[in-house]
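Hi,

Here is the structure I promised to pass on. Have a look at it first, and my notes follow below.

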Amino acid sequence: MRRAGLDCVPRVRPWSWQAFLLGFVVVAASAALQGVCVALGAKLYFATFVPNIFIVGVLAGAPAAAFAALLTIPLVWWAFMPPFFEVSPLTSADADSINLFFLLAVLLIGLADLCRETMTINRRGGFEPSGESAATNSQ
């Protein structure tokens with residue numbers, strides 16, 4: 001029986017330069033998409049970055065996803081928070097947006113790491129049965 005899942009998804013070794021390059025490329029693509037959204041009138045600063053943090057976490061691991069999240073914060077502050085293309089003091093609403101993004105990024109990186117580990121276990125064929133049941137008592 002064939003297992004359903006993300007076995008066909010290519011993955012990158014977590015601490016390799018390819019993983020960090022993937023994180024950088026995904027942040028750049030998210031910034032371009034966010035620029036289009038801002039041009040159309042959207043005011044959600046991190047809208048395109050949040051799902052891509054999860055994607056980087058699944059494909060390249062937690063270190064690359066953390067790099068992408070940490071790269072996103074100064075980029076959004078500089079490019080998408082008014083005044084545009086200036087680093088200015090944060091308002092309380094902007095600071096709240098950054099804090100919320102940071103919280104979501106940490107949670108999504110943890111979830112992506114769990115998904116990555118689950119895919120690894122599934123590729124190996126699942127858990128090995130230990131031979132003893134937890135329901136039986138040997139006494």
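**What I found**

The buried residues of H4 pack against H2 and H3. Some ground rules before I go on: this is a predicted model, where local features need pLDDT of at least 70, side-chain atom pairs count only at pLDDT 80 or more, and totals for chains, interfaces and linings use all residues. Residues are numbered from 1 along each chain as its sequence is written, and side-chain values use heavy atoms, with hydrogens and water left out.

On terms, "buried" is under 20% relative accessible area, "exposed" is over 50%, and "partly exposed" sits in between (1.4 Å probe, protein chains only). Helices (H or I, at least four residues) and strands (E, at least two) are DSSP runs, numbered from the N terminus. A contact is heavy atoms within 4.5 Å.

**The chain as a whole**

The protein chain has 4 helices and 0 strands, in the order α-α-α-α along the sequence. Of its 139 residues, 29% are buried. Among contacts with a separation of 6 or more, 70% are between residues 24 or more positions apart. The accessible surface is about 9,200 Å² (Shrake-Rupley, 1.4 Å probe; for residues, only the protein chains shown count as cover), and 69% of that surface belongs to carbon and sulfur atoms.

The expected span here is 1.5 Å times one less than the number of residues. Which residues of H4 are buried? They are Asp94, Ile98, Phe101, Ala105, Leu108, Ile109, Ala112, Arg116 and Met119, so you will see Asp94 and Arg116 listed along with Ile98 and Leu108. After H4 comes Gly125, with a positive phi near 105 degrees.

H2 has 12 residues and reaches 16 Å from its first C-alpha to its last, close to the 16 Å expected. Its buried residues are Phe49, Asn52, Ile53, Val56, Gly57, Val58 and Ala60, and their cover includes H1, H3 and H4. H2 is also followed by a glycine with a positive phi: Gly61, near 100 degrees.

**Around Phe80**

Phe80 is in the loop between H3 and H4 and counts as buried, at 9% relative accessibility. Leaving out neighbours within four places in sequence, Phe80 contacts Ala31, Gln34, Gly35, Val38, Tyr45, Phe49 and Leu75. Tyr45 is 35 residues from Phe80 in sequence, yet their C-alphas are 6.4 Å apart.

Gln34, one of those contacts, is in helix H1. Is Gln34 buried or exposed? Buried, with a relative accessible area of 1%. Not counting residues up to four places away in sequence, Gln34 touches Leu44, Tyr45, Ala47, Thr48, Phe49 and Phe80.

**Aromatic pairs**

There are 5 aromatic pairs in the structure. Rings of Phe, Tyr and Trp (its six-membered ring) pair if their centres lie within 6.5 Å; planes under 30 degrees apart are stacked, over 60 edge-to-face, and the rest tilted. Phe49 and Phe80 make a tilted pair, 6.4 Å centre to centre with 55 degrees between the planes. Phe49 lies in H2 (residues 49-60) and Phe80 in the loop between H3 (62-79) and H4 (92-123), so this pair ties together parts 31 residues apart in sequence. Phe49 and Phe80 are both buried.

Trp78 and Phe85 form an edge-to-face pair, at 5.0 Å centre to centre and 75 degrees between the planes. Trp78 is partly exposed at 38% relative accessibility, while Phe85 is exposed at 52%. Trp15, Phe20 and Phe67 form one aromatic cluster.

**A nonpolar patch**

Phe67 turns up again in a nonpolar surface patch with Trp17, Leu21, Phe24 and Val25, which together have about 520 Å² of accessible area. Patches take residues with over 30% relative accessible area and no salt bridge, joining like charges within 9 Å and nonpolar side chains (Val, Leu, Ile, Met, Phe, Trp, Tyr) within 5 Å. A salt bridge is a side-chain nitrogen of Lys or Arg within 4 Å of a carboxyl oxygen of Asp or Glu. Helix H1 (residues 17-39) gives the most to the patch, with 4 residues. Trp17 is in H1 and is exposed, with a relative accessible area of 60%.

Cheers
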